[in-house]
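These are my notes from a look through the model.

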Amino acid sequence: MNFIAAPMYKLLDEFNTNPDLVVDYLSKLYDRIAKVEEKVKAFITLRPFNDVLNEVESLIRIRKSSRNSMALFGIAVAIKDNISTKGLRTTCASRILENYIPPYDATVIAKLKSEGAIIIGKTNMDEFAMGSTTETSAFFATRNPWDLTRSPGGSSGGSAAALAAGEATVALGSDTGGSIRNPAAFTAIFGLKPTYGLVSRYGLIAYASSLDQIGPMARNTDDLALLLNVIAGYDPKDSTSINIPLPNFYKAMYDTYYREPRLKIAIARELFEYSEDPVKNMSYKSVDVLCSYHECREISIPYAKHSVAAYYIISMAEAGSNLARYDGVRYGLKVNFDNRNWVEVYKEVRTRGFGYEVKKRIALGAYILSTGYWDMYYLKALRFRRMLKEEFNKIFKEFDAIVSPTMPILPPKLGELIADPIKMYYSDVNTVIANLIGAPAISIPIGFVNGLPVGLQVMVRHFNEVTALYISKFLEDKLKLRDLIALV
Amino acid sequence: MSKDIIEYLERLALISFTREEREKLIKELNKIIEMFNLINSVEGLDKWEPLYHVHDIPLTLREDDVVEGIDSERSILKDNAILVEGYVKAPKTVTE
């Protein structure tokens, strides 16, 4: 069995029959990492193989002595470095948290561990998830495994690159304005931003709390659904998490898949129009595949570009507040306290600890929330947010899904997008809507242009992840783009 | 956009920019503010109530009960803070 490319659901079958195989699998995986990581640079912190081996040996003993199967037994998972892992350094790709060791696990991490998953390391990202290319990381840029001169996207670029390079079987990312879907599209993997409140944010280091959501990343739809099953669910520790009964996403996806209902799908005209030609053409091809069975109609998406403005206003305002906690006292960068007052120390910690993009967003956040600008920008953006949600509720009354390219561009050359931040901000035009309205959205690989991946985004009604997974499975079947690993 | 606004931002946010960062920021700010202003071109926004939470539901409260205690040495902070006899060392907050 090819352990590197094997889908998780097959590995789980193998490990269920023979738990000892997990050791072979992990050693093959670490060989792969040793071979490609120097080129890809997906991980900020990779756990030493021996540590992992010790954990696995006791896990295998537990597995053999109990009759309970574990939903992710033995599976190597890569975790974005803004999700807290007890005892394992969590940096948010920032100097300010360079030496931060969380004293607790995020709820999603506790859930993964209790289902037997192996956390192999923490992946690179844009600093505090502020960026779309993984280049604002304070440590290094991650490279796209499909073309090492290009970015894997961001901000969950390390998690996406680790999957595309075969360095992990599944991964977690976080998505505030597209940070799971963007790198998924750029690396030919599957990524889902769940409904706001479906997955606990407890232990996710906040960027913009009303938009942030943790989600699964995988190389096929089945694995995505299986991982979602484990991480979804109400958590009293996250006051924004929603307490409703949830389906088994994997089973519900297959039930739908076998029934094969014809869906009503909206083609988001403007989001195609704003895209580069190669992306547009490739996306229309996959739309043809969808529409050969499902019922499709083109619609106009109201206020697409205004959504980018609303997104940046709200996210910067929230970032300004959320990042005020980095005072270098309870945790974070340490500077000299002696004979200096709080303001002096606080200012030095922030100035030395944060990179340019983060400082810019904090400063603009303070500006947006300051007297005279609060009602001009922030309040307006919140009013806009309600209007947008109502507009989309209307669309979702008529349609089951809205499709568009995930990203309007192909994976950019390293250095290209970050040199033009306004262009970078507008490249989020297709993804920010789902965060503003709180709806789930998935990115599905649909093809390559000159060897560069293109992804299709499917947005669905709140708590309708099953529909997104069904469409993903449908396209995966027709296009046969699954379990892809770049040669590197 | 001028140096003044950058100094204003620095004061507001208690953060400093290096000279290179200032030059970059001056170039970007006009375009960013221009983008923000797009929101003011949307008509009829005042009739919509601001949306703070996408599900429009009140946040839940928990009972104020201890779930996990913290020891008197506050050892939970040991990896990240400077601890002196169980207290966290901090800079002066009151000065003359």
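**Pockets**

I looked up the largest pocket and found about 1,200 Å³ of space in it. I took a pocket as an open set of points on a 1 Å grid over the protein atoms alone, where a 1.4 Å probe fits, with protein on both sides within 12 Å along at least five of seven lines; lining residues have an atom within 4 Å of a point. Points are joined across faces, edges and corners, and the volume is the space filled by probe spheres set on them.

The model is predicted: local features need pLDDT of at least 70 and side-chain atom pairs count only at pLDDT 80 or more, while totals for chains, interfaces and linings use all residues. Residues are numbered from 1 along each chain as its sequence is written, chains are lettered from A and ligands numbered from 1 in the order written, and side-chain values use heavy atoms, with hydrogens and water left out.

I counted 33 residues lining the largest pocket, with A:Tyr100, A:Pro103, A:Tyr104, A:Tyr202 and A:Gly203 nearest its centre. I sorted this lining into 17 nonpolar, seven polar and nine charged residues. Here Ala, Val, Leu, Ile, Met, Phe, Trp, Tyr, Cys and Pro are nonpolar, Asp, Glu, Lys and Arg are charged, and the others, Gly among them, are polar.

The second largest pocket holds about 300 Å³. It has 16 lining residues, and I noted A:Tyr356, A:Glu357, A:Ile418, B:Lys24 and B:Glu28 as the closest to its centre. By class, I recorded six nonpolar, two polar and eight charged residues in this lining.

**Chain A against chain B**

I found 74 residues of chain A in contact (heavy atoms within 4.5 Å) with 54 residues of chain B. The two chains bury about 5,900 Å² between them, 69% of it on carbon and sulfur atoms. Buried area is the accessible area (1.4 Å probe) lost when two parts are put together, summed over both. A:Tyr356, A:Arg383 and A:Arg386 supply 13% of what chain A buries against chain B, more than any other three residues.

I then checked for salt bridges (a side-chain nitrogen of Lys or Arg within 4 Å of a carboxyl oxygen of Asp or Glu). There are four across this interface. I noted the one between the side chains of B:Lys89 and A:Asp338, at 3.5 Å from N to O.
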